[in-house]
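Please read them with the coordinates open.

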Protein chains: 4
Amino acid sequence: MILRDPIHGLVAFETEEEAIVPALIEAREVQRLRRIRQLGLTHLSYPGADHTRFSHAIGTAHVMKRFIERMRAIHHALPYWQRLTTERARDALAAALLHDIGHGPLSHLFEAALPHGPSHEDYTVRIVSDPTTEVHQILKRYDASLPTRVAELVRGRHPLAYLARAVSGTFDVDRCDYLLRDAHFTGVGYGTFDLDWLLRSFRFGAAATDADAPTLAIDGAKGLPAIESFILARLFMFQQVYFHKAGRASEFMMTRLLTRAHAVLSDGTRLPAAPPALVSIAREGDASLAEYLALDDNVIMTSLQAWRDASDPLIADLSRRLQARHLFKTYELFGDQRERRDEALARAREVASAAGMDPDEYVGLDAASDVPFDDGNDSLTVVFPRGTPRKPGDVSFLLGRLRGEKLERVRLVFAPELREAIVKALAT
Amino acid sequence: MILRDPIHGLVAFETEEEAIVPALIEAREVQRLRRIRQLGLTHLSYPGADHTRFSHAIGTAHVMKRFIERMRAIHHALPYWQRLTTERARDALAAALLHDIGHGPLSHLFEAALPHGPSHEDYTVRIVSDPTTEVHQILKRYDASLPTRVAELVRGRHPLAYLARAVSGTFDVDRCDYLLRDAHFTGVGYGTFDLDWLLRSFRFGAAATDADAPTLAIDGAKGLPAIESFILARLFMFQQVYFHKAGRASEFMMTRLLTRAHAVLSDGTRLPAAPPALVSIAREGDASLAEYLALDDNVIMTSLQAWRDASDPLIADLSRRLQARHLFKTYELFGDQRERRDEALARAREVASAAGMDPDEYVGLDAASDVPFDDGNDSLTVVFPRGTPRKPGDVSFLLGRLRGEKLERVRLVFAPELREAIVKALAT
Amino acid sequence: MILRDPIHGLVAFETEEEAIVPALIEAREVQRLRRIRQLGLTHLSYPGADHTRFSHAIGTAHVMKRFIERMRAIHHALPYWQRLTTERARDALAAALLHDIGHGPLSHLFEAALPHGPSHEDYTVRIVSDPTTEVHQILKRYDASLPTRVAELVRGRHPLAYLARAVSGTFDVDRCDYLLRDAHFTGVGYGTFDLDWLLRSFRFGAAATDADAPTLAIDGAKGLPAIESFILARLFMFQQVYFHKAGRASEFMMTRLLTRAHAVLSDGTRLPAAPPALVSIAREGDASLAEYLALDDNVIMTSLQAWRDASDPLIADLSRRLQARHLFKTYELFGDQRERRDEALARAREVASAAGMDPDEYVGLDAASDVPFDDGNDSLTVVFPRGTPRKPGDVSFLLGRLRGEKLERVRLVFAPELREAIVKALAT
Amino acid sequence: MILRDPIHGLVAFETEEEAIVPALIEAREVQRLRRIRQLGLTHLSYPGADHTRFSHAIGTAHVMKRFIERMRAIHHALPYWQRLTTERARDALAAALLHDIGHGPLSHLFEAALPHGPSHEDYTVRIVSDPTTEVHQILKRYDASLPTRVAELVRGRHPLAYLARAVSGTFDVDRCDYLLRDAHFTGVGYGTFDLDWLLRSFRFGAAATDADAPTLAIDGAKGLPAIESFILARLFMFQQVYFHKAGRASEFMMTRLLTRAHAVLSDGTRLPAAPPALVSIAREGDASLAEYLALDDNVIMTSLQAWRDASDPLIADLSRRLQARHLFKTYELFGDQRERRDEALARAREVASAAGMDPDEYVGLDAASDVPFDDGNDSLTVVFPRGTPRKPGDVSFLLGRLRGEKLERVRLVFAPELREAIVKALAT
């Protein structure tokens, strides 16, 4: 299998060891990812962002392939039992491809809207483990315990610490692909970093004790700019895309809509065109795997279309607004206002009430935050030709300044017709 | 309105003259293009090709904006009555944005499958002209005759010949955008050309007679590589993407499926989840505009899902194959075999019959052709500081060799289970 | 004049207003910049870095042209007397092209080696002002006072504050070009920023008082990432290129060499192949303009070749090493060692003495520092649709963390044969 | 050794097998390439084109490294005795790095000006073979017969045909690097092709007879666009850069100048600042290797500077014009005029004589030609899963149209003061 990818150029899975990737790609559950956009509703603000979880899954497997190549180029520093056998490499490729297979429609949105349901990671594990899925059957064809091993790896658990972290860690293959991919498809030029150089910068550092294996580290003489730019690329993507005001507003609306649908269905009310999975979750607390796998972006959009005429006025209104892309507006709180966010929210709610609109539904506070860099135990160390391993924040001018700092965007979100009055209420 | 586009970078419509673009973008009929992929089923072979007609529409308006800027930089060579007034510029921007608004689901596919129905150009004109559409209402707000003028422009008719050709001609703004966009999203590196240089190469040549206006031409000293690379970019895209075997095979299948659904519905048979537009076209020869506008990729995909269990065996089988991405295979005919294509088809049909499969449905001949460059009357002339205008094919080494040459790809298309037998039958 | 530039693509100076740029490019003093590498000896570490001050001068004029276009797009916010007339635009283009014309060979190196001589800015002013230069004569042809106005502008002085800062300020056209150019030719992928977006982000903010003109500012809603990435691009270039250890080591050597040549010549000793400018500076404290303009990289390299056999042993030795690219080595000081740098230097000097090498010449301490971002009075303010102008550091997560922070690299520099002993001496 | 290259990104020679590359890079004769521009005087028309033979040499070795990797990925199709051992790989890397080491100043120019002297290929072989060069000594350190083997390889002779062609053939590593490099530094966007895809497309085809080895071929299913775009990239570079009018005119002048200097020196006349190599060639028909290696661009430019005041009026005049970049003009001949080029030349010569200028020196005819693609025996074949190998021109639409076609640019070249009169003379 060889194909063109806008991010990585030539992507090929042609060897015996890599054959598991094209095999799994044919599975129905992987093909379903073609119908789930990587960035939910972000395409409403960035018209290029129509890329799907499917191309991301392939890209992630490709980055894992390159990671494996790099590990083998430096594995002379490892004891034999720590090196990547063909079996381990195959496990890792499968886990990379499948790591996001449990995502619901609109990526994180569905999950966020139904907070008491299982997470997408739970669904990933279910899909890999359930004997009825094609993914499970393909994995099992290789080795009866492969589904279990992949399920563990997806959760970031593996006897080889460096491999576990490559699936789930600060510089994991998932992030390596999605940062580059999201930057490319949105057209945000800042979100890039040098993947070649990052991979090349990996070294095995000294083991903590004789019984331990050497740990994966970054070459201090060459690798600092690679990790600095990775951290910055991620920071820029958060600032520009993941925390974008229109994206957050549409997520707020979709969350309210699904929450309301959930409530209505729990009451036993009938809602036309409700996806069976949503009905089951509302009524029984969970959906069958088949129901869940029948969900995708199309299904939700088809529901939205039908719900425009729902009898529940909130469902009808939010569906209409979302389909017409009439999004809620935001008002960002800075400095003092951010400190007294509850007060700001209270004022906005009063405005809504005065206008005869339900403040629980048409006004909200959206606080998004992220710590772009932290030097925790999870983080890679930096090694120099001479001297002891150091923390990235100790040797990088930039990371030293960012360490532990929290990026926070706090906004009021509200229906556009309330805008003028809310701005006025907050100004006084 | 200012946004990021992966192809053009910063895209802005901020002036008075350009305000019509953001206004039209809000129209329901333009928003519908978000749900129609630019390249139909090509994403099955190129995983990045999920981009939609919506981003292409914006990109086309942007190229028109740049074209207008360039015309104004060189319009001193024109008599006053040939220059671009604000009204003409607005017309052109609207036409660029709306040129593809009549596309059905999967872009060209729906149209190709129902050959006796109206074309997408017809629908574009209908949408622009029909008083019930938001697009029409917005246009009319500017000027009562604007819908008519835009409808004319979309068809390539305008008193200013150079403007008409910019909407529909060899180097029109539509092609300028889609070549770059399709190349970017598929990851095919070859399909690029230098838009800056192409625009900069435009000149106004001498008028044929005193009564005529000067015609748009290419600067021979600077512009040849720009048009050469444009023609080559297009040729590469045909070879690599538009004529790609998997794409052609899936189009073949979808065409068969829709044709069959059309036939079944014409007979009065009920087909679950058939889009109302399809029912109307089958039974009454045409669909209402509202029905047509309710069509998009999601709708077709939802039908496909439902049709997996249709009572008509062909519909059920093709729907299942398409949804699972089990595509038909192709066998390309070269040289002698291409000349005797009917014989090759006959043999393949025999194989199908022998295998108990309907040769009308499971075997076909797919001939795709294009003339990458022709020096017809439509083509731009090339002007030099001294001397008479020349045809591009007379002054370009490359275009001289390509002039009038036909690129043709001829393939048998068939169900994969017939592959071995067909290859064998053709080898003898 | 229209040409291709690897950084900016199509570069054109074709209008009446821009005609001064191609006119000045023909001047002998501008052509001399073809023989001066932009980055001195950096090409010894980055093999692509052979680009010259000449291409940078053209690129800077191009950025100024774009800056002027942007100012005119937003100048409705300015009183008439603050807008850019054709004369002011011409002055600005000339100043942009000529801003670096006074550079000596190897760019900053020659200047650094002769600290008591005039700076390159002084020479720029001299060249512009001296009636014997072609540059002066061309300027004068336009307007008798143009040389004076350009000389003022080059020094960052102009009645229009926003124009003065565009020539010499935090985000000036010089930096805009050299950051992109140096990043491109070295191949350092990090040093980029979005010039389109930066230009587009400029706004005119409110005037401080009624008598004042509005000041140039950055649009807070759109422009923060543009200035953040500019600051980061510059930081990365300092870390990766401008403070690169091999570059600093070769500069150290060249400085020692020129200083020594200066001393030898001051004593009246003859040094074969010494450029006349160097002789005059050594003996009379200054060189004539003609002598200075005869200097370029070739001249210095030809001297180096001849000096390999100089009777002065230090001159001969350093010339040989530099020509063979046998560079001095460095040892970077971190943490505690950086605090006690004098002690480290003392130890290294002892090593040299013990090895019989002159510690003044073969050992040195190189401290390079820069404050990547400061929110001084010079800095642009950030304006929001509502509310008062803010400092970038107050509204940007990233700039807030970098504000006033000093990047410092401190290294011992020494002849390679001393390396082992110095490393050992420092370890104890 | 690991470094950044603007063309290939991360370039590393770190394994045992590759260690010969960093070793050779330190050799004085390789370092000399830093002082020879890759494109001679092309930087006069393309301000970015200051790149040197040194960076090209490293780039070529990098492409060879990648070629070797690819060969090893597919060498299972080869008998053992045809595979790349470590020794063969080392030979190939050395030959790639050194293939151009014999170039004189201004790359091809010096050689063209002295047509009876040795070619740059001869000098390359001399440098590799001469026991006094550092290059020779380094090679010999590995293996006494290595200099001989490298000299053979550089001439395209090697027992492994596919390796010989990789050094010197239609798709050799030299071309792969210089096409990309020259396109990048000139900023000509067209001259690119997909190196990854080209390498990946290599296959070993069937052997002609049982005794033969399989030959290197291109995968017909995937590789055609790679070779098509390679051929086109080369064609574009010829059209845009290598045959550029200003470049050809400056080469014409430099050739005349060096020829005249050669003649003057042959007569025994003294010419100040003449490089010893030129004196020896003029007087003795050849220069010593040491003299030749002392030549570089700087040396020629220093001579030019001195020759401005030469007593020979032609030498003085051409030196002055070249240094001031006052280049000769060109007049391209098309169609009929091209057929009767001698007549055009005769007319131009008459104009010169009438103006009192020596027609032998100030007027000339410059005919540049190239066959962009030919399907000779040297060319790679194209192989398909089924069926016999085919010639590229038989299976590629584009190459079929270009096969054997000759690109020709014919121009009169003359001093600018003759321009008007010559244009007039030709018009009648």
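Predicted model: local features only at pLDDT ≥ 70, side-chain atom pairs only at ≥ 80, totals over all residues.

1. Helix α19 of chain B covers residues 341-354. The buried residues of α19(B) are B:A344, B:A348, B:R349, B:V351 and B:A352. Seen down the axis, these buried residues fall within an arc of 155 degrees and therefore line one face of the helix.

2. What covers the buried residues of α19(B)? The cover includes the strands β5 (329-333), β6 (363-370) and β8 (407-414) of chain B. It also includes the helices α18 (335-339), α20 (359-362) and α23 (419-427) of chain B. After α19(B) comes B:G356, with a positive phi near 75 degrees.

3. In chain C, helix α19 (residues 341-354) has 14 residues and reaches 20 Å from its first C-alpha to its last, close to the 20 Å expected at 1.5 Å a residue. Buried in α19(C) are C:A344, C:A348, C:R349, C:V351 and C:A352. Their arc around the axis is only 155 degrees, which puts them on the same side of α19(C). On the other side of α19(C), the exposed residues are C:D342, C:E343 and C:A354.

4. The buried residues of α19(C) pack against β5 (329-333), β6 (363-370) and β8 (407-414) of chain C, and also against α18 (335-339), α20 (359-362) and α23 (419-427) of chain C. Just after α19(C), C:G356 has a positive phi of about 80 degrees.

5. By class, the contact of α6(D) with α8(D) has 6 nonpolar and 2 polar residues, and no charged ones.

6. D:G268 belongs to the loop between α13 (245-266) and α14 (276-284) of chain D. Is D:G268 buried or exposed? D:G268 has 8 other C-beta atoms within 10 Å and is therefore exposed. The C-alpha atoms of D:G268 and D:R283 are 7.6 Å from each other, while the two residues are 15 residues apart along the chain.

7. A:R325 has a positive phi, near 60 degrees, in a residue other than glycine. A:R325 sits in the loop between α17 (313-323) and β5 (329-333) of chain A. With 16 other C-beta atoms within 10 Å, A:R325 is partly exposed. In chain D, the phi of D:R325 is likewise positive and near 60 degrees. D:R325 is placed in the loop between α17 (313-323) and β5 (329-333) of chain D, and with 16 C-beta neighbours inside 10 Å D:R325 counts as partly exposed.

8. Between chains B and A, 26 residues of chain B are in contact with 25 residues of chain A. On the side of chain B that touches chain A, at least two residues each come from β1 (2-5), α2 (28-31), α3 (53-74), α10 (173-186) and α16 (297-307) of chain B. By class, that side of chain B has 10 nonpolar, 11 polar and 5 charged residues.

9. Between chains B and C, 7 residues of chain B are in contact with 7 residues of chain C. The elements of chain B that give two or more residues to this side are β2 (9-12) and α11 (195-201). The largest share, 3 residues, comes from α11(B). The side of chain B that touches chain C divides into 3 nonpolar, 1 polar and 3 charged residues.

Technical notes
Residues numbered from 1 in each chain as written. Chains lettered and ligands numbered in written order. Nonpolar A, V, L, I, M, F, W, Y, C, P; charged D, E, K, R; others polar. Helix = DSSP H or I, 4+ residues; strand = E, 2+ residues; numbered from the N terminus. Buried ≥ 20, exposed ≤ 12 C-beta atoms within 10 Å, placed from the backbone. Expected span 1.5 Å × (residues − 1). Arc of directions from axis to C-beta. Contact = placed C-beta atoms within 7 Å.
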